Amino acid sequence: MAELHNGAAVRDRKDRSGPILALDAEGWRSSVNSQDP
């Protein structure tokens with residue numbers, strides 16, 4: 001996970017050359033809040 005100016009970017013740590021998912025701040029909050037504890 002990398003913090004961006006208005007959100008975050010995530011990728012599979014095992015595949016560093018793979019795709020990156022970039023989310024704005026609201027998308028990141030929604031993603032984190034939807035995870036099971």
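**View 1. The hairpin made by S1 and S2.** In this predicted model, strands S1 and S2 form a hairpin, with two residues between them. Strands here are DSSP runs of type E with at least two residues, helices are runs of type H or I with at least four, and both are numbered from the N terminus. S1 and S2 run antiparallel and are joined by three bridges. Look for Glu3: its bridge partner in S2 is Ala8. Two strands count as paired if DSSP finds at least two bridges between them. Residue numbers start from 1 along each chain as its sequence is written, and side-chain values use heavy atoms, with hydrogens and water left out. Local features need pLDDT of at least 70 and side-chain atom pairs count only at pLDDT 80 or more, while totals for chains, interfaces and linings use all residues.

View 2. Three strands make an open sheet in the order S1-S2-S3, with antiparallel pairing. S1 (2–4) and S3 (21–24) are the edge strands, each pairing on one side only. From one strand to the next, the twist averages 25°. Helix H1 packs on this sheet and touches S2 and S3, and its direction makes about 105° with that of S3. For such angles, axes are lines fitted to C-alpha atoms (for helices, over the stretch in contact), and the angles run from 0 to 180 degrees between N-to-C directions. Contact means heavy atoms within 4.5 Å.

**View 3. Where S2 meets S3.** These two strands pair in the antiparallel sense over four bridges. Gly7 stands opposite Asp24 in S3, and Val10 stands opposite Leu21 in S3. Strands of a sheet pair through backbone hydrogen bonds, either parallel or antiparallel.

**View 4. Val10 and its neighbours.** Val10 sits in strand S2 (residues 7–10). Although Val10 and Leu21 are eleven residues apart in sequence, their C-alpha atoms are 5.3 Å apart in space. Leaving aside residues up to four places away in sequence, Val10 touches Met1, Pro19, Ile20, Leu21 and Trp28. Is Val10 buried or partly exposed? Val10 counts as partly exposed because its relative accessibility is 21%. The cut-offs are under 20% relative accessible area for buried and over 50% for exposed, with partly exposed in between (1.4 Å probe, protein chains only).

View 5. The side chains of Glu26 and Arg29 meet in a salt bridge, 3.3 Å from N to O. A salt bridge means a side-chain nitrogen of Lys or Arg within 4 Å of a carboxyl oxygen of Asp or Glu. A search of the whole structure finds one salt bridge. Both residues lie in H1 (residues 25–33), three residues apart, about one turn of the helix. Glu26 counts as partly exposed because its relative accessibility is 47%, and Arg29 also counts as partly exposed, at 45%. Side chains of opposite charge can pair when their charged atoms come close.

**View 6. Stepping back to the whole chain.** The chain has one helix and three strands, which follow the pattern β-β-β-α along the sequence. Its C-alpha trace spans about 25 × 25 × 10 Å along the principal axes. Of the 37 residues in the chain, 11% are buried. The chain exposes about 3400 Å², with carbon and sulfur atoms supplying 49% of that area. Accessible areas come from the Shrake-Rupley method with a 1.4 Å probe; for residues, only the protein chains shown count as cover.
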